[in-house]
Amino acid sequence: IAMKRLGIPVTWVSRLGDDPFGDVVYDTLAAEGIDLSYVRRDDSPTGLFFKWRTAGKSNVIYRRKGSAASHIEPSDVPDPAFDGAALVHLTGITMALGPSARATVVDVASRAHARGIPVTFDPNYRPGLWSDPDEAAAAQRPSLTFVEWYLCGLEEGCLLWRATDADSLFAGLEAAGVGRAVVRIGSKGALVNDSGAVTHVAPERLEEVLDEVGAGDGFAAGFAYGLTNGWEPTDCARAGNLIAAHALLGTGDWETFPYLADVEHSLRP
């Protein structure tokens, strides 16, 4: 949604249940103008994610076991889906849904890479979806050689790759096959590691945080927006900081992502 609001045509691939929850997801994305040509509906239930706030903190529960999306497989992403694509974005949440979903992420990353399409990957580590960080990291490893940019938060990155700080995290990622990575460091912005050259990209302004959920996805959208426009990695990260800040302004997830007309003057390098 964030990418589409920035004027980039987006195709979303997944499976939804043929139920009212699936209708909500499908209709919401369709209303945002996202291409849903490759979305399948079946008799499995639509996965659920509950969020509530207590004392200013977000709490979540997942109900995704056996969901429609957990049965996604490589054939759900046929070769024509890659035609004209400028970028493929994948996340570790899909990998956490089950063996076929995990295989799909690796397969899609491999086929995109073979076509010369940049792949961005956000681990989106969620403790409730894995037995431990080591399991999540092991699942990611087969896809990492196909990933151009690995986008993560400092805390989750350190958990996944047994690091203690940004330097050891970058070293761990390099050992895992990742040469280019961006690490979000909260209110301080992001660290961009472009094949060994690390640059700190601070946010241009700080916002009052109403809810942190969605900020990582907003950063990924801003960074991907820059990549599709051929920007330098540091300018991509600056765009990521900007879009992430908008996610912090609301208690939803995607609702406060901005439209291009509202931020175009700030996005330009």
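Which residues does Thr104 touch, not counting residues up to four places away in sequence? They are Ile72, Glu73, Pro74 and Val77, where a contact means heavy atoms within 4.5 Å. Before I go on, a word on the basis of all this: the model is predicted, so that local features need pLDDT of at least 70 and side-chain atom pairs count only at pLDDT 80 or more, while totals for chains, interfaces and linings use all residues. Residues are numbered from 1 along each chain as its sequence is written, and side-chain values use heavy atoms, with hydrogens and water left out.

Let me stay with Thr104 for a moment. With a relative accessible area of 4%, Thr104 is buried; here buried means under 20% relative accessible area, exposed means over 50%, and partly exposed is in between, with a 1.4 Å probe and protein chains only. A polar atom of the Thr104 side chain lies 3.4 Å from the backbone nitrogen of Glu73.

Now to the helix itself. Helix α4 covers residues 99–114, which is 16 residues, and it reaches 23 Å from its first C-alpha to its last, close to the 22 Å expected at 1.5 Å a residue; that expected span is 1.5 Å times one less than the number of residues. The buried residues of α4 are Ala101, Thr104, Val105, Val106, Val108, Ala109, Arg111 and Ala112, and what covers them includes β5 (88–91), α3 (92–96), β6 (119–122) and α5 (133–144). After α4 comes Gly116, whose phi is positive, near 75°.

Because Asp107 and Arg111 are 4 residues apart in helix α4, they are separated by about one helical turn. Asp107 is partly exposed, with a relative accessible area of 25%, whereas Arg111 counts as buried at 17% relative accessibility. Ser110, also placed in helix α4, counts as partly exposed at 28% relative accessibility, and its C-alpha atom is separated by 24 Å from that of Phe219, which is 109 residues apart from Ser110 along the chain.

Turning to salt bridges elsewhere, a search of the whole structure finds 15 of them. One of these joins Asp76 to Arg40, with the closest N and O atoms 2.7 Å apart. Asp76 lies in the loop between β4 and β5 and Arg40 in strand β2 (residues 40–42), so the pair ties together parts that are 36 residues apart in sequence. Asp76 counts as buried at 4% relative accessibility, while Arg40 is partly exposed at 38%. Both belong to a network of salt bridges that links Arg15, Arg40, Asp42, Glu73 and Asp76, and Glu73 is the residue whose backbone nitrogen I mentioned alongside Thr104.

A further salt bridge is formed by Asp134 and Arg162, whose closest N and O atoms are 2.6 Å apart. Since Asp134 lies in helix α5 and Arg162 in the loop between α6 (154–160) and α7 (166–175), the pair ties together parts that are 28 residues apart in sequence. Here Asp134 counts as partly exposed at 34% relative accessibility, and Arg162 counts as exposed at 66%.

Let me move on to Arg238, in helix α9 (residues 233–247). Is Arg238 buried or exposed? With a relative accessible area of 16%, Arg238 is buried. Polar atoms of the Arg238 side chain lie 3.1 Å from the backbone oxygen of Leu267 and 2.8 Å from the backbone oxygen of Arg268. Leaving aside residues up to four places away in sequence, Arg238 touches Val201, Glu204, Ser266, Leu267, Arg268 and Pro269.

Finally, the surface. Phe50, Trp52 and Ile61 form a nonpolar patch there, with about 280 Å² of accessible area together. Of these residues, Ile61 lies in strand β4 (residues 57–63), and at 33% relative accessibility Ile61 counts as partly exposed. Patches are made of residues with over 30% relative accessible area and no salt bridge, like charges being joined within 9 Å and nonpolar side chains (Val, Leu, Ile, Met, Phe, Trp, Tyr) within 5 Å.

Note on methods: Helix = DSSP H or I, 4+ residues; strand = E, 2+ residues; numbered from the N terminus. Polar contact = N/O pair within 3.5 Å; in protein donor to acceptor, adjacent residues only side chain to side chain. Areas by Shrake-Rupley, 256 points an atom, 1.4 Å probe, with all protein chains shown as cover. Salt bridge = Lys/Arg side-chain N within 4 Å of Asp/Glu carboxyl O.
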